[in-house]
Amino acid sequence: MVTGNIFHCRKHSWPPQEYVSRSTLHQLDFDCAAPPEHAWRRRLNSHANILKEFSVTFTEAIKMVRLGIRLWSYVREEASQGRKAPIDPFTRETCKPSASQGVPLGGMGSGSISRGFRGEFRHWQIIPGTCDVSPIMANQFSIFISREGGNKNYASVLAPGQHEGLGKSGDQGITSWGWNLNGQHSTYHALFPRAWTIYDGEPDPELKVSCRQISPFIPHNYRDSSLPTAVFVYTLVNTGKERAKVSLLFTWANSIGGISHLSGDHVNEPFIGEDGVSGVLLHHKQWTAKENPPVTFAIAACETQNVSVTVLPSFGLTEGSQITAKAMWDKMVQDGQFDRENFHAGPTMPSSPGDTLCAAVSASAWVEPHGKCTVAFALAWSSPKVRYTKYYGTSERAALNIVHDALTNYKQWEEEIEKWQSQILRDDRLPEWYKFTLFNELYFLVAGGTVWIDSSLPVTSSTNNLHQSAAEESTNVNVTVAKRRGAATGNHVTDGYDATTRDGLEFDEGQIHTRNTSKDEPVISEGSDSQQLSVHPKTLKNPRDVTDDVGRFLYLEGVEYIMWCTYDVHFYASFALLELFPKIELSIQREFAKAVLSEDGRKVKFLMEGNWGIRKVRGAVPHDLGTHDPWHEMNAYNIHDTSQWKDLNPKFVLQVYRDFAATRDFSFGADVWPAVRAAMEYMEQFDRDHDGLIENDGFPDQTYDAWTVHGISAYCGCLWLAALQAAAAMAHQLGDRPFAEKCRSKFSKAKLVFEEKLWNGSYFNYDSGSSSNSKSIQADQLAGQWYMASSGLPSLFDDYKIRSCLQKIYDFNVMKVKGGKMGAVNGMHHNGKVDESCMQSREIWTGVTYAVAATMILSGMEEQAFTTAEGIFTAGWSEEGYGYWFQSPEGWTIDGHFRSLVYMRPLAIWGMQWALTMPKAILEAPAINFMDRLPVSSPYDGSRLSSHDMPGPGPRVRKIATKTRCFGNSVFHCSC
């Protein structure tokens with residue numbers, strides 16, 4: 001898999017004809033059966049090498065001995081209470097991770113199952129927060145072909161035989177099946193949320209087969225994108241001279257991953273549904289925890305005039321089964337179908353412990369010589385605690401209705417998916433690797449442990465008009481927010497501001513007043529008892545309108561770091577949600593706004609130093625929304641006391657302002673503004689010398705939680721400067737002029753100090769301390785500037801300083817590591833040696849590299865940007881790389897060893913797309929006077945990414961021609 005070629009060559013194109021013969025592509029060129037022009041591709045006989053995990057150095061291990069002991073004790077304590085620790089480096093999966101992943105199945109937030117590129121179903125995440133990576137090898141598609149005359153018969157599982165996870169259960173089990181596929185002429189083509197597997201004459205040389213996998217991941221479609229289902233559309237092309245009977249078989253074990261199929265008491269049930277949809281329901285009774293609801297799978301096929309569907313409700317994998325796997329296979333070889341009376345068999349007897357209960361659905365069709373045929377299967381699952389129940393109810397039979405709708409609606413889903421993707425895929429100015437990697441990195445929103453449930457909003461009717469008339473646009477709406485009077489005491493949990501219920505909001509004659517409905521009044525800040533916020537009713541939405549309610553959404557930091565919505569990482573990943581599902585992004589920000597104004601006084605031991613503190617401090621942005629009891633037991637992360645971190649609060653302010661600027665949703669702005677003020681005021685305690693700039697405290701008090709920082713830091717200091725500017729801009733637009741002026745004044749002082757302390761003539765030093773790495777070149781040093789440019793706010797520094805920093809990062813952190821084929825290393829000394837002061841300084845973080853590339857795009861450095869980001873593709877996604885496709889890790893070392901697979905931060909690639917296609921609301925920025933800045937070769941001047949327009953030395957940042965006129969009372973002084 002990994003060869004020396006990774007550092008000596010760069011491939012720029014992967015046309016389908018290199019993997020599939022031109023004649024086959026032509027024959028499949030109908031009904032979306034042919035693979036797309038742009039896709040990630042592999043041959044099915046490609047070797048799936050075992051991935052190599054990072055290890056700490058001896059010096060690092062010595063430094064972490066005490067942490068390791070405390071963490072070991074904590075993991076054991078959690079296990080004794082039946083809980084899994086959110087970070088557990090001591091427990092390893094029995095199935096080692098390998099380079100075998102593919103596009104996952106299902107929509108968002110209802111559990112997921114991944115499917116490897118060779119066809120195995122693996123990475124089971126049906127239960128929130130758990131992941132079993134081992135494949136269930138009984139879950140397969142198989143094909144049986146017989147031709148008239150009887151002299152040509154073929155039977156094979158449609159996956160290469162004897163590969164990883166295939167255990168021998170005796171001759172009566174699945175080893176008795178025909179594992180005859182070589183895979184040499186079969187290929188996989190991935191463009192999330194779809195994937196194509198092309199069997200080019202395998203196993204029958206005269207039959208071309210295309211399997212198209214479709215999941216309902218559809219931007220801005222909040223209904224269908226929540227459905228736990230996937231469709232498999234088989235297209236058959238008979239190139240022979242004889243008529244062929246083709247039977248396709250879909251087998252499925254009653255299992256939710258691991259050894260759950262052996263627990264017993266599971267039941268299968270055949271069904272005949274509407275519109276020709278027939279199959280089997282597999283009712284799985286969970287035994288691992290009493291609170292887990294039952295899960296029901298549905299496997300089905302759609303019967304048509306030419307396609308006949310039959311089922312086998314039950315077969316087993318051992319010799320003692322009533323119908324064995326071998327007997328089932330022999331039946332298909334002989335008849336190509338099951339008995340029709342099986343549909344009337346009723347539910348099976350509950351399975352016995354130790355036995356595996358499986359089911360099968362067969363779809364058979366005759367294909368004429370040189371004829372074509374389409375056969376559609378679908379898989380769905382239901383577990384009555386997630387969002388799909390809003391539309392399908394909580395019955396165990398909901399899976400039947402979901403699988404029916406999947407088989408009848410998938411063509412419409414594909415139309416919507418193609419409409420969404422086509423504009424990017426057809427842009428010849430974008431590198432090909434970027435096009436399909438941009439979409440494929442979205443796998444995480446399905447396979448990243450997402451949970452999507454209905455919110456607690458009361459179902460109420462509203463007669464308020466959400467769209468005010470043009471005559472009302474000039475009328476201001478005043479929001480009065482009262483000062484908080486409650487507080488947390490002892491071990492109690494108190495909420496200062498509930499942005500999810502909004503029970504105290506009244507609409508009255510153009511004014512809105514929040515009225516106190518509890519003992520703790522809604523809060524915004526210390527200071528005056530109330531602030532008058534000016535809001536434009538044109539964009540004010542009634543927050544209680546149920547049509548705008550998208551429920552509550554969670555996604556994990558990673559499958560190894562089991563914490564919901566880890567906020568310092570969401571900072572990078574959130575561009576994907578804002579671009580594709582903005583209502584979900586706003587709902588997450590509302591959750592954190594509520595959390596900022598709450599306090600949880602329960603005691604927590606922090607493992608790094610062994611000291612004690614409280615779980616959640618009011619005013620501090622939580623690290624995460626929890627693990628075992630999300631929203632109510634926040635900050636599952638307990639390595640450090642994150643109330644002392646310096647990046648979380650600025651990141652909250654920056655994300656809120658970006659989302660506010662992009663959506664122009666003034667209701668959202670009014671909802672979260674109290675938390676924004678509280679978050680900013682909380683940070684004042686870290687400005688110990690009152691120069692306007694926060695200081696770090698000599699420990700890893702930010703997202704790089706193993707990388708110590710002393711004094712003023714480039715990363716946190718830049719974030720703070722950006723937060724001051726964003727808070728001032730938001731305050732100005734909401735009418736809180738005193739706070740805007742306060743932030744502006746602090747910004748002016750802090751910027752001078754930041755540049756004086758850290759600027760060295762070509763980049764900003766890592767920190768203002770005197771350690772050996774204080775002058776390191778940090779790849780992420782301009783994170784705050786990234787958000788300024790992404791939000792349409794003025795640059796933090798002169799253009800030449802921004803470009804000088806980025807060029808230094810490019811020349812050193814990128815190009816001095818394997819010639820730019822790995823991404824940007826986090827830390828680099830100015831002598832060209834990697835900063836090895838800790839494990840994180842020497843790592844290459846995928847999401848940070850994408851963020852750096854986005855910043856380069858926004859600064860007019862597109863060539864450097866795409867070269868930088870391509871290193872992540874080359875090392876992680878290319879065939880010559882390390883095998884991290886569809887499981888992108890947090891990062892890897894310069895020798896390619898990974899840390900934390902299936903991680904949230906790589907979604908930051910959508911920050912690059914955001915930079916290329918800035919939304920109109922940000923570009924026009926009508927409510928505040930500031931300079932919009934975009935690179936010269938922007939997506940709006942008709943020459944983006946053309947080689948003759950790539951920037952050379954010196955600043956080439958231009959103004960947008962169609963900018964709005966300046967306002968005289970602006971917070972910031974415009975140079976135009």
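This is a predicted model: local features need pLDDT of at least 70, side-chain atom pairs count only at pLDDT 80 or more; totals for chains, interfaces and linings use all residues.

Mentor: Across the whole structure, a search turns up 40 salt bridges.

Start with Lys152 and Glu206, whose side chains form a salt bridge with an N to O distance of 3.4 Å. This pair ties together distant parts of the chain, 54 residues apart: Lys152 sits in the loop between strand 5 (140–147) and strand 6, while Glu206 sits in the loop between strand 8 (194–200) and strand 9 (207–214). Lys152 has 25% relative accessibility, so it counts as partly exposed. Glu206 is also partly exposed, because its relative accessible area is 24%, and the cut-off for buried is under 20%.

The next pair is Arg194 with Glu418, where the side chains meet in a salt bridge at 3.3 Å, N to O. Here the link runs from strand 8, which holds Arg194, to helix 6 (residues 398–425), which holds Glu418, and the two are 224 residues apart. Arg194 has a relative accessible area of 4% and is therefore buried, whereas Glu418, at 32%, is partly exposed.

Asp265 is partly exposed at 36% relative accessibility, and Lys285 is partly exposed at 46%. Besides such pairs, there is a network: Glu78, Arg83, Asp600, Arg602 and Glu633 are joined by salt bridges that share partners.

With a relative accessible area of 0%, Ser156 is buried. Its side chain reaches two backbone nitrogens, that of Asn180 at 3.4 Å and that of Leu181 at 3.3 Å. Beyond its neighbours within four places in sequence, Ser156 has contacts that include Ser142, Ile143, Pro203 and Trp329.

Finally, a note on confidence. The chain has a mean pLDDT of 84, with 82% of its residues at 70 or more. Residues 457–547 have pLDDT below 50, and this stretch makes 192 contacts in the model beyond near neighbours in sequence. Residues 926–976 are likewise below 50, with 124 such contacts.

Notes:
Residues are numbered from 1 along each chain as its sequence is written. Side-chain values use heavy atoms; hydrogens and water are left out. Buried means under 20% relative accessible area, exposed over 50%, partly exposed in between (1.4 Å probe, protein chains only). A polar contact is a pair of N or O atoms within 3.5 Å; within protein, one must be able to donate a hydrogen and the other to accept it, and residues adjacent in sequence count only if both atoms are side-chain atoms. Contact means heavy atoms within 4.5 Å. pLDDT is the predictor's confidence in each residue, from 0 to 100. A salt bridge is a side-chain nitrogen of Lys or Arg within 4 Å of a carboxyl oxygen of Asp or Glu. Helices (H or I, at least four residues) and strands (E, at least two) are DSSP runs, numbered from the N terminus.
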